[in-house]
Amino acid sequence: MDTGILVLRLLVGLLIAGHGVQKVSSHLGGRGLDGGSAEFRADGFRGGALTALAAGGGQIGSGLLLAAGLLTPLAATGAIGVMTVALTVKWHNGLWVQNDGYEYPLVLIVSAAALAATGPGAWSLDAELGLAPYPLWWTALVLAAGVGSGLLTRLVLHRAARTG
């Protein structure tokens, strides 16, 4: 079981971190901070570079913590938060990724929640530091805080669509 959790943590965590790197740099196929800022503006968000830096930093930080199995509830909360914002952006396109839908952010949200529920496993920094296992009730807190922070971010930073 610990091997499966390790593989899931590494895959999900490093993909989320890589997604953040793309937002703020030209590495991993990113378009640099200017490209990340333009992406957020095109999606209707305020803040430009500051928004891209916050989102990219949140993805890098939560992804690396998740991959390492360090402060797993906090890492999962951050991952769920940033991916909730992504889900809201893609919601109007429907589920499937072929139509630029929210399928991928949903998979990352559920994977992070699953890691919060199972814990980081024996091969993690949380286990080495004696922080794990975390009680199962943390999962509800992680989900509420992650989804709530993502929806609040969307509410605060997204510009209302102009009509007329």
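Predicted model: local features only at pLDDT ≥ 70, side-chain atom pairs only at ≥ 80, totals over all residues.

Colleague: How are the rings of Trp 137 and Trp 138 arranged, stacked or edge-to-face?

Modeller: The ring centres of Trp 137 and Trp 138 lie 5.5 Å apart, and their planes meet at 25°. Planes under 30 degrees apart count as stacked, and therefore the pair of Trp 137 and Trp 138 is stacked.

Colleague: Is Trp 137 buried or exposed?

Modeller: The relative accessible area of Trp 137 is 56%. Since residues over 50% are classed as exposed, Trp 137 is exposed.

Colleague: How many aromatic pairs are there, and which residues do ring pairs link into a cluster?

Modeller: The count comes to 4 aromatic pairs. One of them joins Tyr 134 to Trp 138 in an edge-to-face arrangement, with 6.1 Å from centre to centre and 65° between the planes. As for the cluster, ring pairs link together Tyr 134, Trp 137 and Trp 138.

Colleague: Which peptide bond is cis, and where does Pro 133 lie?

Modeller: Most residues other than glycine have a negative phi, and most peptide bonds are trans. With an omega of about 5°, the bond that joins Ala 132 and Pro 133 is a cis peptide bond. Pro 133 itself belongs to the loop between helix H6 (125-128) and helix H7 (138-157).

Colleague: What phi does Leu 28 have, and is Leu 28 buried or exposed?

Modeller: Leu 28 sits in the loop between H1 and H2, and although it is not a glycine, it has a positive phi of about 60°. Its relative accessible area is 58%, so Leu 28 is exposed.

Colleague: What phi does Leu 71 have, and where is Leu 71 found?

Modeller: Leu 71 is not a glycine either, yet its phi is positive, at about 50°. With a relative accessible area of 36%, Leu 71 is partly exposed. Its place is in the loop between H3 and H4.

Colleague: Which residues of helix H2 are buried, and which helices do the buried residues of H2 pack against?

Modeller: Helix H2 covers residues 32-42, and its buried residues are Gly 32, Gly 35, Gly 36, Ser 37 and Phe 40. Just after H2 comes Gly 44, which takes a positive phi of about 90°. The buried residues of H2 pack against helix H1 (2-24) and helix H3 (49-68).

Colleague: How do H1 and H5 pack, in terms of angle and axes?

Modeller: Two packed helices are described by the angle between their axes and the distance between the axes. For H1 and helix H5 (residues 103-118), the angle is about 135° and the axes are 10 Å apart. That angle makes H1 oblique to H5, and H1 passes H5 in a crossing that is left-handed.

Colleague: Which residues meet where H1 and H5 come together, and how many of them are nonpolar, polar and charged?

Modeller: On the H1 side there are Ile 5, Leu 8, Arg 9, Val 12, Leu 15 and Ile 16, and they meet Tyr 104, Leu 108, Ser 111, Leu 115 and Thr 118 of H5. Sorted by class, the residues in this contact of H1 with H5 are 8 nonpolar, 2 polar and 1 charged.

Colleague: Is Thr 77 buried or exposed, and which residues does Thr 77 touch?

Modeller: Thr 77 has its place in helix H4 (residues 72-90), and it counts as buried because its relative accessibility is 17%. Its C-alpha atom is 7.9 Å from that of Ala 112, a residue 35 places apart from Thr 77 in sequence. Not counting residues up to four places away in sequence, Thr 77 touches Val 142, Ala 145 and Gly 146.

Colleague: Where is Leu 157 found, and how far apart are the C-alpha atoms of Leu 157 and Gly 44?

Modeller: Leu 157 is found in helix H7, where its relative accessible area of 27% makes it partly exposed. When residues up to four places away in sequence are not counted, Leu 157 touches Gly 44, Phe 45, Arg 46 and Thr 51. Leu 157 and Gly 44 are 113 residues apart along the chain, and the separation of their C-alpha atoms is 8.4 Å.

Methods:
Residues numbered from 1 in each chain as written. Heavy atoms only, no water. Phe/Tyr/Trp six-rings, centres within 6.5 Å; stacked < 30°, edge-to-face > 60°. Buried < 20%, exposed > 50% of the residue type's maximum accessible area, 1.4 Å probe, protein only. Helix = DSSP H or I, 4+ residues; strand = E, 2+ residues; numbered from the N terminus. Contact = heavy atoms within 4.5 Å. Axes fitted to C-alpha atoms, helices over the stretch in contact; angles between N-to-C directions. Parallel < 35°, antiparallel > 145°, perpendicular 65-115°, else oblique. Left-handed = near helix turned anticlockwise from the far one by under 90°. Nonpolar A, V, L, I, M, F, W, Y, C, P; charged D, E, K, R; others polar.
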